[in-house]
Amino acid sequence: AQAPAVVTVTGAAGQIGYALLFRIVSGAMLGHGTPIRLRLLEVPQAVKAAEGTAMELDDCAFPLLAGIDIFDDARAAFEGANVALLVGARPRSAGMERGDLLSANGGIFKPQGEAINAGAADDVKVLVVGNPANTNAYIAAQHAPDVPRERFTAMTRLDHNRALAQLAARTGSHVDDIRHLTIWGNHSATQYPDLTHATVRGVPATSLVDPAWVQDTFIPTVARRGAAIIEARGSSSAASAANAAIDHVHTWVKGTRDGDWTSAAIVSDGSYGVPEGLVSSFPVTASGGEWSIVQGLEIDAASRARIDASVSELVEERDAVHALGLV
Ligand code: NDP
């Protein structure tokens, strides 16, 4: 039998954690042949709630569940981690300045980066979900000098999936008919959902939808979907966020399908003018457990302006994090 994969999940007692853990252990993330050993990290006051979730996980009698350990110490939680899902973060509260938000999260992601550096498995793959996700991933990576930088990623797959759903609905097609959609930049309101390269059953998407719909409906709907869900549901989009985290890691491990790409925020190598070292969303393929940025795409002027706007926000966040002494 295959040795269990060690999966560390932070913020395990939160809403996304509750939607995520059951699917990880069902086999949806790493496949049905890989047993899972969970290591859950929570703040001390939420450890009891995490224990409750662990009781429910036991009660599912998942054949793949090899064990669950719960920690309030990052060093212990990341010990031996093959996959690390960094979900817990400090949310922005009303009236909070960006500097305060970045400082609060620096206090979480610096020690977690250090803990990953100290004790995670050599093949560790890190996905940051907790916001501001791109910059939190940047902070963690900076504090893990012995871990290859390309192992630190942030999630834009939910934005990608939202864009697929919106385009499918508009064109009366199925999400599976769509190829080559891209989310660029920051996982924030400045992100750029780009359908200039997308096809629907092989037909260019731009020939199927009008430019006004793209500008006035598609882009804002994708970028503001989270707020619309809070408005409708009364709480945030936890299950779809968890699903996207599963998709991200599944693609990373199993690869993208032939003739398509997806979106993920990965450390920039300078492609498409995105400053090297920023954690920014790109069109990516995965193969053999590694992401590659799709090269050579033509970027029209309108796309360039939107990508630049989102990337400047990432530059500002990076500069703020350095000015605050968080890295
Ligand atoms: P959620 O589980 O709903 O969200 C967790 C994080 O994911 C937030 O930063 C949230 O950002 C982010 N997120 C990313 N995408 C989405 C999306 N589409 N929809 C909603 N959220 C998204 O938060 P809870 O408050 O329920 O749970 C957080 C848990 O983390 C708590 O149990 C807390 O104790 C724990 N925590 C653990 C830490 C640790 O282990 N060291 C540190 C800090 C917190 P946003 O706020 O912008 O929505």
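The C-alpha centres of domain 1 and domain 2 lie 23 Å apart. By class, the side of domain 1 that touches domain 2 has 17 nonpolar, three polar and four charged residues. The model described here is predicted.

## Two domains

The protein chain is divided into domain 1, residues 5-154, and domain 2, residues 157-316. Across the boundary, 24 residues of domain 1 are in contact with 26 residues of domain 2. On the domain 1 side, the elements that give two or more residues to this contact are H1, strand S4 (83-86), strand S5 (125-128), helix H5 (133-142) and strand S6 (152-154).

An unreviewed UniProt entry lists residues 156-321 as "domain: Lactate/malate dehydrogenase C-terminal". In the model, the end C-alpha atoms of residues 156-321 lie 21 Å apart, and the span is 45% helix and 19% strand.

## The shell around the ligand

Which residues come nearest to the ligand? Of the 26 residues around the ligand, the nearest are Gly11, Gly14, Gly88, Ala89 and Pro91. H1 gives the most, with three residues.

By class, the shell around the ligand is made of 13 nonpolar, 11 polar and two charged residues.

## Positions listed as binding sites

Under "binding site", the unreviewed UniProt entry lists Arg92, Arg98, Asn131 and Arg162. These residues span 71 residues in sequence, and the farthest two C-alpha atoms are 26.1 Å apart, so they do not all gather at one spot.

The feature name "binding site" is also placed by UniProt, in an unreviewed entry, at Gly11, Ala12, Ala13, Gly14, Gln15, Ile16, Gly17, Asn105, Gln112, Val129, Gly130 and Asn131. Among the residues that come nearest to the ligand are Gly11 and Gly14, and the UniProt list includes both of them.

Arginine 98 has its place in helix H4, residues 98-119. Arginine 162 is in helix H6, residues 157-171. The table gives the surroundings of each residue.

| Residue | Other C-beta atoms within 10 Å | Class |
|---|---|---|
| Arginine 98 | 13 | partly exposed |
| Glutamine 15 | 16 | partly exposed |
| Arginine 162 | 22 | buried |
| Glycine 17 | 25 | buried |

A residue counts as buried if 20 or more other C-beta atoms lie within 10 Å of its own. With 22 such atoms, arginine 162 is therefore buried, whereas arginine 98, with 13, is partly exposed.

Glutamine 15 touches Ser235, Ser236 and Ala238. Glycine 17 is in contact with Val9, Gly11, Ala12 and Val87. Arginine 162 is in contact with Val222 and Arg225.

Helix H6, which holds arginine 162, has 15 residues and reaches 21 Å from its first C-alpha to its last, close to the 21 Å expected at 1.5 Å a residue. The buried residues of H6 are Arg157, Leu158, Asp159, His160, Asn161, Arg162, Ala163, Leu164, Gln166 and Leu167. After H6 comes glycine 172, whose phi is positive, near 60°.

How does the span of H9 agree with the value of 1.5 Å a residue? The 17 residues of H9 should span 24 Å, and the end C-alpha atoms of H9 are 24 Å apart, which agrees. Within H9, the residues Ala241, Ala242, Ala244, Ala245, Ile246, His248, Val249 and Trp252 are buried.

Conventions. Residues numbered from 1 in each chain as written. Predicted model: local features only at pLDDT ≥ 70, side-chain atom pairs only at ≥ 80, totals over all residues. UniProt positions renumbered as here; feature names shortened; annotations may be inferred. Helix = DSSP H or I, 4+ residues; strand = E, 2+ residues; numbered from the N terminus. Buried ≥ 20, exposed ≤ 12 C-beta atoms within 10 Å, placed from the backbone. Contact = placed C-beta atoms within 7 Å. Near = placed C-beta within 6 Å. Nonpolar A, V, L, I, M, F, W, Y, C, P; charged D, E, K, R; others polar. Expected span 1.5 Å × (residues − 1). Domains from an automatic or database assignment. Lists of a residue's contacts leave out its neighbours within four places in sequence.
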